[in-house]
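Here is a short report on a two-chain model. Start with the contact between the chains, then turn to one helix and to the fold of the partner chain.

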Amino acid sequence: MIHDYLILSVILFCLGILGVITRRNVFTVFMSIELMLNAANLAFIVFSRVHESMDGHVLAMMVMAVAAAEAALALAVVILLHKHKGKLDTNVFSLLKG
Amino acid sequence: MHDFLSLLPLIIITAGAVLLMLLSTFEKTNVETASYISMGFYGVAFFVQLVIGCGPEVTIFDQTFNGMLVANNFSMAAGLVILGCGFFTSVSGHSYFKVNQFCTLEFYSIMMFASCGMILLTLAHELISAFIAIEIMSLAIYILVGYDRQNVKASEAILKYLMLGAFAGAFFTMGTALIFGAAGSTKFMAIAAALNMTGEISPLLLGGSFFILVALLFKVAAFPFHAWVIDVYDGAAAPVTGFMATALKTAAFALFANFLAMNNVMHSGWVTFLFYLAILTMFGGNLVAIGQDNIKRMLAASGIVHSGYLLIALVALNAEQFSGSVIAYYLAAYAVGTLGIFAALSYLSGEGERRADFADFKGLAKVHPYSAAAITVFLLSMAGIPPTAGFMGKFYIITSAFNEGQVTLAVLGVVSSILSMWYYLRLIINMYFHEATDTFEIQGTPLATAGTFALVFCVFAIALYPVVI
């Protein structure tokens with residue numbers, strides 16, 4: 001039972017990585033990153049259950065708080081980019097080429 | 001009492017950040033006052049940190065913080081570097097924002113919040129507090145990078161940085177979760193105890209620490225994760241780039257060293273991995289730097305090379321008696337050189353940073369001999385020429401690698417340092433052996449100029465410090 005949740009967490013994490021790598025829309029990329037963070041949260045809860053302590057729950061709360069702050073900034077950046085180009089496709093932004 | 005004193009610099013900086021945030025609502029205060037206030041807070045915090053000095057290793061408020069924050073000589077030295085970087089960034093910002101007017105009061109406030117995260121990061125001996133400190137630092141730095149909202153280049157830089165930074169942050173949390181699963185705690189002490197019990201890294205811990213190393217390698221711009229750094233440094237304003245290149249790297253390397261040094265098992269498990277990464281980072285960075293025509297991009301690429309040298313120091317660190325003195329010294333030496341160049345760029349590059357390429361600085365020595373001499377000192381320090389701080393830093397790193405039996409790394413470090421002369425000398429040649437085509441009028445206030453010469457003094461002071469002591 002515990003293992004199933006852990007596997008689910010890993011699948012979510014991999015889906016998140018896949019989303020970041022393949023998607024071109026800024027919104028989808030940020031959503032994928034949120035998915036990765038929530039996969040980590042699920043893993044925290046699962047391990048908390050394994051160790052029979054509440055530590056993992058607290059850590060998951062902390063991560064959620066930070067994720068919310070990051071999302072706020074990400075949305076501000078999305079608006080900024082939309083003002084500049086009117087599009088949210090990452091391919092449009094190619095002034096800097098490294 | 002010592003617990004409270006160890007936290008005092010952090011408290012001062014946070015108080016300064018909050019104060020500036022509140023002051024920004026008043027119309028009377030202007031940007032210049034804000035930069036003086038932030039200089040004042042950085043200066044006070046620097047001296048407090050210096051006066052408290054070092055002492056035995058203290059676990060700050062063991063009962064309240066549950067052993068999450070530890071202050072020692074290494075964290076103090078890293079804190080000093082960070083506060084010094086903040087001070088000189090405010091100094092060069094004062095001149096820079098006189099010419100490039102997109103600054104508001106919040107700029108300095110956000111910069112101080114970033115420093116608060118960085119100092120917390122040097123103290124953190126627990127993974128979740130480290131994660132929160134990283135995010136405090138990064139979120140503030142993202143905003144600083146994209147501060148000029150009219151500038152498309154800066155907006156693009158913030159997009160790239162935020163996307164990749166958040167990606168790395170997700171890796172860090174997943175790594176923390178896996179380590180929590182394996183060791184039952186996220187405190188370095190408890191993880192080290194769990195490692196000692198088994199004597200080897202279990203698969204779960206191996207996966208977890210790999211994820212954390214990936215995130216940290218991203219933050220310090222080591223080899224496979226270095227591509228972002230050039231674009232982001234190019235897009236950000238000169239003082240911000242200087243701040244990112246020095247203070248952020250110091251904080252990230254402090255956590256990196258603390259994490260690896262927690263236990264011999266952990267360190268020896270990753271030595272081979274870091275060995276190859278150090279080599280690839282040094283030579284990859286050199287290859288990128290040689291091809292650059294823009295000074296900021298060249299400095300970004302040379303920052304990658306310097307991360308490579310610091311990775312050598314991480315490979316050679318001794319987890320049993322970890323002092324971090326080599327790493328802290330190199331970080332200080334690198335910080336003064338880089339900050340100095342960015343302070344000089346702040347007052348020389350002109351409105352909208354129109355002087356950005358090597359060719360734009362042709363004949364600078366004919367017009368401003370002292371500024372050109374200062375830049376030359378910084379470049380020679382970064383290249384590692386004897387009487388400068390950079391030489392002593394490299395000397396210590398190479399010696400520590402020899403002492404730990406990493407002869408290959410030591411030799412490759414010297415080779416890479418010789419290669420790096422190519423692009424440092426190129427700028428010096430451009431400044432000295434060409435006729436001036438530009439007038440190089442210095443705009444803004446003389447503060448950045450003063451800061452540049454103070455940093456020249458620091459380059460030699462830091463170089464002489466180990467000789468005198």
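## The interface

In this predicted model, 33 residues of chain B are in contact with 32 residues of chain A. H7(B) supplies the largest share, 18 residues.

What is the class make-up of the side of chain B that touches chain A? That side has 20 nonpolar, 7 polar and 6 charged residues.

## Helix H6 of chain B

H6(B) has 19 residues, and at 1.5 Å a residue they should span 27 Å. The end C-alpha atoms of H6(B) are 26 Å apart, which agrees with that expectation.

Is H6(B) largely enclosed or largely open? Buried residues make up 19 of its 19, so H6(B) is largely enclosed by the rest of the structure.

## Chain A

Chain A has 3 helices and 0 strands. From the N terminus on, its elements run α-α-α.

The C-alpha atoms of chain A fill a box of roughly 50 × 25 × 20 Å along the principal axes. The radius of gyration of chain A is 17 Å, whereas a compact globule of 98 residues would have one near 13 Å.

Of the 98 residues in chain A, 33% are buried. Among contacts in chain A with a separation of 6 or more, 46% join residues 24 or more positions apart.

Key:
Residues are numbered from 1 along each chain as its sequence is written. Chains are lettered from A and ligands numbered from 1 in the order in which they are written. This is a predicted model: local features need pLDDT of at least 70, side-chain atom pairs count only at pLDDT 80 or more; totals for chains, interfaces and linings use all residues. Two residues are in contact if their C-beta atoms, placed from the backbone, lie within 7 Å. Helices (H or I, at least four residues) and strands (E, at least two) are DSSP runs, numbered from the N terminus. Ala, Val, Leu, Ile, Met, Phe, Trp, Tyr, Cys and Pro count as nonpolar, Asp, Glu, Lys and Arg as charged, and the others, Gly among them, as polar. The expected span of a helix is 1.5 Å times one less than its number of residues. A residue is buried if 20 or more other C-beta atoms lie within 10 Å of its own, exposed if 12 or fewer, and partly exposed in between; C-beta atoms are placed from the backbone. The radius of gyration is taken over C-alpha atoms; the globule rule is 2.2 Å times the number of residues to the power 0.38.
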